[in-house]
Amino acid sequence: MANSTIVRIAGAAGDGIQSTGELLGKTCSRMGLHVLAYNSFQSAIRGGHVWLQMAIGSEKQYDHGEEPEVVLLFNKTSPAVHVPDVKSGGIVFYNAGSIKKEEIESLRSDVNFYGLDFKAMVDAVKLTDVNPVMINVMLAGALVQTLNLDAKVTLEFIKDKFLKKGEKVVELNNAIFNLGFEWTKANTKPLELKLKGNNIPKMFLSGNDAIGMGLVAGGLKFYAAYPMSPATGILHYISTLAQSDKLIVKQVEDELAAINWAVGAGHAGVRAATGTAGGGFCLMVEGLGLAAMAEVPLVTILVQRGGPSTGVPTKIEQADISLAMGGNGEFPRFILAPKDLEDCFYQSARALNIAEKYQVPVILMSDFFLSEHFGTVDDLDFSKIKIERGKLTTEWNSNEKYKRYAYTEDGVSPRVRPGTPGAMHLVVSDEHNEYGHLMSDVDAGLPHAREARIKMHAKRMHKVELMIENGDASPPILEGDVNAETTFVTWGSTYAYIKSAMVLLEKEGVKANHLHFTDIYPVPREQTLALFKKCKRLISVEANMCNALCRQILTETGFEITEHINRWDGEPFTGEYIVNELKRLEIKKKQLISV
Amino acid sequence: MTANIIDRKDRPALDPKDFKGDVHPDWCPGCGDFGVLNCLQRAFAELGIPQHEIAVISGIGCSSNLPGFINTYGMHTLHGRSLPNAQGFKLSHHDMTVVAVGGDGDGYGIGVGHFIHALRRNIDLTYIVMNNSIYGLTTGQTSPTSALGMKTKSTPFGNPEAPLNPLTLALGSGAGFVSRVFTGNPKQVIEVYKAAIKHKGFALIDTFSPCVTFNKINTAKFYKDTTYDLNAKGHDTSDIKAAFAVAMKTPDGSEPIATGIFYQSERPCYEESEKDTLSIPVVDHQLGISPQRAKELKAKFK
């Protein structure tokens with residue numbers, strides 16, 4: 001009997017797709033099952049067609065999959081879009097109030113269709129104060145029965161969720177849930193499925209939640225942002241903690257403001273961050289240079305979406321590495337990209353440490369899928385988070401004038417917090433000497449200013465080498481059989497889909513392994529090249545057209561990856577998609593050889 | 001230090017010399033900005049605020065070089081971004097005195113979006129705009145406060161745009177302290193700067209600071225001949241209608257130009273809304289999450 005399955009829930013925005021997903025996700029996570037849910041939604045608040053696909057299993061889930069086994073359809077747009085995808089032998093529950101039986105059932109003969117007539121069913125038991133949108137709770141009942149999940153757990157969650165609205169609301173939701181559950185029990189055949197959880201509740205959260213929690217665990221005290229999908233969830237989560245955890249969380253007038261607020265806060269001496277999507281990041285780039293030049297620690301979250309310009313706000317793309325590497329002039333920075341929910345938590349905390357240790361801007365790159373998808377994690381271990389503030393001090397006892405930008409062996413200068421008696425100084429965006437005096441205006445071009453330009457620029461850029469020497473910038477990680485014929489090269493959320501693809505390939509007797517980049521800049525050249533040498537055939541897998549990671553690798557190491565699997569239609573990869581693309585590459589290769 | 005949201009107590013005066021920076025200003029001889037620097041140093045000294053409790057934060061432009069010439073903490077940031085940096089700094093370390101400075105191009109041109117939001121937000125900081133109605137550092141182009149018809153390098157046939165009025169903009173955006181001074185009257189400048197720094201909330205001091213090199217119209221002589229002290233004439237600074245009436249007049253010299261405090265009223269400053277978080281400066285908060293709190297944070301997702 002299978003121990004995993006895939007569920008899809010589809011309808012119009014406003015149909016309650018999200019809350020049905022939450023009901024299912026929480027039921028599973030509280031039972032100790034693993035889930036991974038992908039939201040395919042549009043940039044519309046009501047009316048657009050949206051769906052959510054959730055993989056559920058006893059083991060950790062890496063792939064939301066292609067073919068759903070159980071499907072809930074809410075509106076009349078749904079059947080044509082989703083019925084063709086259903087796994088043969090699968091089950092479709094639909095809202096018989098808006099979808100015609102003849103129309104949907106004519107679409108497939110190898111799928112079981114069950115229409116639930118919400119109005120008739122609630123009228124039959126004389127339920128009052130019922131809103132038609134509550135069909136989502138009824139369909140959730142059908143789902144819980146079909147998947148043989150623990151209805152007690154769902155009812156408990158309904159109570160937690162609706163109790164603040166009153167006992168009556170809870171009772172009504174329970175009644176409607178039970179209607180769906182009992183009807184399904186009486187009228188349908190359950191799936192041959194054994195979803196067994198360990199009954200230890202897991203966390204069920206999004207990537208943006210995990211990033212926010214990682215920042216707060218890492219000592220974040222200040223977050224300024226301007227709303228932009230798919231980064232807004234971070235602002236939402238951190239905002240909920242503003243009072244309880246005494247954080248300054250500000251929605252400001254634009255992204256120019258957001259990054260500069262964070263720089264001001266970072267210079268004052270708090271751990272500060274901002275977050276946005278690619279378009280907003282474009283506005284922030286000058287501020288990034290300011291942080292680097294003034295040597296103010298700063299963390300910027302860059303959540304990539306389909307681009308360019310306004311692009312496709314609610315779809316995935318991984319094409320912003322050159323943007324994160326951008327800005328006028330040359331300056332040090334650190335770029336890292338978490339790979340899954342746990343990593344979102346730990347890397348966010350790590351970003352804050354690196355920013356303060358090197359007094360540089362750190363860019364944490366996420367993507368639409370990683371930030372917006374929901375899934376389970378066993379635990380996030382706060383005790384692993386160490387807060388290291390580098391050369392920050394609140395004491396200055398020397399009689400000498402304090403030099404904010406003192407030349408030091410490692411290029412990092414002792415940083416006295418403003419407010420400390422005796423160490424008054426200025427941080428500046430112009431080129432400057434050790435004291436922060438400008439070398440850009442009346443001094444520019446004079447011998448001492450040229451010397452300062454050479455030395456100060458080298459001092460800052462030396463931090464990049466130092467990140468590598470200190471081992472803070474890590475090479476990619478090679479996972480799987482070292483002798484494999486094929487190596488997939490990835491970054492960001494694509495990590496999980498390679499995991500899934502490797503399982504599928506193994507079943508076909510193909511051995512593949514996986515080289516995954518978390519640190520995108522700087523790249524430790526020698527260690528990375530040594531890893532490439534171990535691999536027989538390298539194929540990059542990126543959600544873009546122009547191979548952003550490969551270009552970065554080429555620039556930083558001189559090594560060129562020549563085979564690529566790309567996807568830029570806005571949907572995330574799946575294991576199956578990657579396997580198919582690999583097969584296509586094989587055919588192409590054979591054709592080339594035969595020519 | 002005591003929390004500024006409560007009150008700034010008068011302290012013994014300090015020596016203005018102690019506020020002199022290491023670097024001598026590189027402004028043109030005769031630039032109005034010397035007057036601003038001098039008056040600001042005197043205002044700090046007379047209020048008795050120690051140097052290390054002050055941050056002077058600027059954008060980019062001739063006048064934005066000011067933080068380099070004063071012995072306090074400070075930031076010299078990007079063009080137009082003094083206020084975002086200053087607000088971020090202030091909320092992080094709210095018991096420091098934060099003064100944002102810059103020019104009319106910096107504050108009323110490229111940074112005007114931030115200006116309006118700072119006005120309505122009302123964080124307790126002081127904003128000195130050295131207004132010379134010209135872009136000086138880029139060698140003489142039109143500015144948001146250049147007069148209609150003014151010939152500059154970028155408007156050789158005369159400026160076709162009406163000037164922005166910073167005072168009515170501030171009054172209309174909820175500012176609690178709106179003032180204008182002229183550097184040729186240092187006594188008044190010092191008094192208004194002191195009042196602005198002591199004001200709880202956002203305080204604007206639009207400061208006529210003539211450019212001797214690129215603006216031959218709005219000269220020191222022009223302002224000396226046309227300005228008068230509004231506060232010496234019995235103006236009621238609590239009357240916003242009276243403030244608007246005076247502020248609406250275009251300062252083109254066709255009639256006397258008012259200077260002084262136009263309007264002052266204390267509405268709760270932004271910091272009042274974060275009293276709990278700001279019970280001690282955020283920079284002094286203990287970092288990290290306790291094991292108990294970590295459990296609670298995780299439980300919310302279970």
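**Sheet in chain A.** I began with the open sheet of 8 strands in chain A, which has mixed pairing and the order 6-5-4-1-3-2-14-7. Strands here are DSSP runs (E, at least two residues; helices are H or I, at least four), numbered from the N terminus, and two strands pair if DSSP finds at least two bridges between them. Strand 6 (112-116) and strand 7 of chain A each have a single partner strand, so one side of each edge strand lacks a neighbour in the sheet. I noted an average twist of 20° from one strand to the next; angles run from 0 to 180 degrees between N-to-C directions, with axes fitted to C-alpha atoms, for helices over the stretch in contact.

**What I am looking at.** This is a predicted model: local features need pLDDT of at least 70, side-chain atom pairs count only at pLDDT 80 or more, and totals for chains, interfaces and linings use all residues. Residues are numbered from 1 along each chain as its sequence is written, with chains lettered from A and ligands numbered from 1 in the order written.

**One pair up close.** I then checked strand 2 (residues 34-40) and strand 3 (residues 49-57) of chain A, which are antiparallel over 7 bridges. There, A:Val35 has A:Ile56 as its bridge partner.

**Across to chain B.** Which residues make the contact? I found 55 residues from chain A and 45 residues from chain B, where contact means C-beta atoms, placed from the backbone, within 7 Å. Helix 10 of chain A gives the largest share of its chain's side, 10 residues. Strand 17 of chain A also runs parallel to strand 2 (residues 73-76) of chain B, joined by 3 bridges. A:Leu426 sits opposite B:Gly74.

Note on methods. Two residues are in contact if their C-beta atoms, placed from the backbone, lie within 7 Å.
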